[in-house]
Structure formats: structure tokens, C-alpha cells
Amino acid sequence: MRLRSSMGFALAFALALVMTNVRADDAEARLTIRSHRFEPAELTVPADKKVKLTIENEDSTAEEFESYELNREKVVPAKGRVTLYVGPLKPGRYPFFGDFHKDTAQGVLIAQ
Amino acid sequence: MAGIAVLVFREVLEAALVVSVVFAATRGVPGRARWIGAGIAAGVLGSIVLAVSAEAVAEAAAGMGQELFNATVLFAAVAMIAWHAIWMATHGRQMALQMQALGAEVSVGRRPLAALAIVVTLAVLREGSEIVLFLLAQAAGGSGAFDIAGGIALGVGGGAATGLALYLGLLRIPIRHFFTATNWLLLLLAAGMASQGARFLVQADLIPSLGARLWDTSAFLSERSILGQTLHALIGYDARPAGVQIVFYLVTAVSIAIGMKVWGRPRRKITQAA
């Protein structure tokens, strides 16, 4: 019984270690939506790494972050903040846009 | 107005295609229009509620509420379709024979309509909430009531017309093969939904991607195109899938197919009648 619980504990510990390791390897990037535009409009992220992308919406209307190249879509509520994961990406350009304000909300993620 | 109409159309299209497959699959069932109509109405109401609470959903589960919600909705729809497809496999052959014998769409017994009504509700809910959020943003951005109303009318009308076209196309399938065809369509629909659900879980980093982009067929058929989007909604076409999406797709398709085979084996009497 004790053996089993300590094994369980060791397993959980190892798992936690693996998970924190994975997290530590992830890159982070931030985007801001202001007046229906992405800032920065060109965002550089490391290639071949999973990227945690945080998007903050300063507008008082919702936006939908969308990208065919990244195969991602996510609503960013008015005055809200969301996170999502992309990649690991091969080096290259990955355009994205705001589906609710396509004429102004355009940007590109550059993996290098 | 054109911009509004295009976005509304794209969202309505996906839901309309699901509705028309469901409508075809329930051919000959009494009360189906009422059930599916109620499913659509519940979806529209739910869309408004969901759009209003978008912020709360987004902030739930450490900012991954949206992915969890979408994945849950998709997997729930998959479960409903699987159940219905397997049920149909056990009863559909017999029903088709009866319909053929009587040469008309007659009442062919009670069928579980609730499962498919829920599928319709969930499909409308997912696409509808995006439309509501978009329209709220447009209204706040100074679009006039005329532009918004016109955009909705054109978008919904166009989407519904496409769905109707698919439905009428499906009706041309000979009745002998009809329920087999709609059942396979439901199977592919469910597999595609499972794959989309998996994509949301990858986006939230809850499951490994098993290859972030297994292949890229966007040059061949882009999801931006109407055909690409139609196939996306119907059979889960994805130009740039993650590896785990393929796993979810295949596991779902194979599981339902096995379920249909195991429970849908023709009874002796029916085989002779055919």
C-alpha cells in the first residue's frame, strides 16, 4: 500500500517535472489589438518551438483571431485577453487576421 | 453590407450543411421538421447567450475555456451522431425496404430524433455565436441597421440555399441506397467534428499535436474556397492538419463503422426480402 502510494507520488513528480520542462521550452509572444489593428503587425517567434501566444484586446468590441496558415481561430472578447498555442513552426511567414475587421486587422507571424 | 453578408454566409453555410445532412438522414420520419426546427431555434437562442457570455467563457479554465467549450460541443455532437448512426444501421435497412414497397414516404416507425436535434443545436450554436459577436462589433463600429439587416438576409439566405441544394441533391440518391448514404455521410461528419475538437485541444496545449502540420494541401484545395469550406463542414477537410487530428478522425470513423457493422448485421428475414 505504502509502496504503491510512494510510486504514485514518484510518478506524479516525474510527470510534473516533464510538464514543467515542456513549459520551460515553450516560447512566448504577445499581440495587442488596438483600433482593430494588430500590434505589432509583424511578430517574430523562434522556429521549431511551441509558442504560447497571448492576445490582448484593448478595443470595446470582440475580435476573432484567425489564421489559415497556423490553422487557428479564437475569439478575443472586448477588453479581454486570451492565450493559445501555435507550432512548433518551420521557418517562414504565417499570416493571420481579425475575422471581424478584416480590412484593418492583418498581421503576420514570422518564425525564424 | 457585402462584408457582413460574406461572414454571415460562411458561418451559416457550415451549420446549414449539417442541418441538411440531418434532414436527409431523418427522411420519412414524422415530426422531423418540428424536431429539427426546435433544434435550430435552440441553437439561435444559445448563440445569443453564448455571445453575451463570451468574456466569461474565454476567461474560464485559465483562458482555455473557449477551446474546452468548443471541443466539448464537438465531441457531444460526435457521440450523438455515433449513437444515431448505429441505431440506424440496425433499423434503416428495414425502413428502406418498407418505403420501397409502399413507394412513398410513409411513417416508418418512431426514431430517436432527439439525438439529431441536439446535433443541429450544437452546430448552430457554434457558428451562430460567432455571427452574433461579429454583428455586435459591426453595430458598435458604426454599421447602419440597413447594412446589418441586409447582410444578415443575404448571408442567411445564401447559406440556407446552399444547404437546400445539398438536401435536394441527396434526395436524388435511389431510396435503396439512401439511408446507407446518409449514414456514411453522418459517419464522416462525426469524424470531421472529432478532428476539429482535437484541433481545439491542441490549440489549448491539452494534448500533443503529434506533428503540428502533417501536410499542407492548401495549394490544391484551400479552406478559404467555398468548396474547401463545404468539405471542411461535411467531411472534416483540413488543409493543414495536426497529426493527432488524423488519429481522432480515424478512431471516430472506424469506431462508428465497427458499431454499424456489429449491431447492423442484417437479420435473416430482411436479407431474404432483399
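Strand 5 of chain A and strand 8 (residues 92–98) of chain A run antiparallel and are joined by two bridges. Strands here are DSSP runs (E, at least two residues), numbered from the N terminus, and two strands pair if DSSP finds at least two bridges between them. Opposite Phe65(A) stands Gly98(A) in strand 8 of chain A. The model is predicted: local features need pLDDT of at least 70, side-chain atom pairs count only at pLDDT 80 or more, and totals for chains, interfaces and linings use all residues. Residues are numbered from 1 along each chain as its sequence is written, while chains are lettered from A and ligands numbered from 1 in the order in which they are written.

Strand 5 (residues 63–67) of chain A also pairs with strand 6 of chain A, in the antiparallel sense over five bridges. Glu64(A) has Val75(A) in strand 6 of chain A as its bridge partner. These two strands form a hairpin with four residues between them, and Asn71(A) in the turn has a positive phi of about 55°.

## The open sheet

Four strands of chain A make an open sheet in the order 2-1-4-7, with mixed pairing. Strand 2 (37–39) and strand 7 of chain A stand at the edges with a single partner strand each, so one side of each is left without a neighbour in the sheet.

Strand 4 (residues 51–57) and strand 7 of chain A pair in the antiparallel sense over six bridges. Within this pair, Val82(A) in strand 7 is the bridge partner of Ile55(A).

## Contact with chain B

The contact (C-beta atoms, placed from the backbone, within 7 Å) takes 20 residues from chain A and 22 residues from chain B. On the side of chain A that touches chain B, strand 6 (72–76) and strand 7 (81–86) are the elements giving two or more residues. Strand 7 of chain A gives the most, with four residues.

Terms used:
Two residues are in contact if their C-beta atoms, placed from the backbone, lie within 7 Å.
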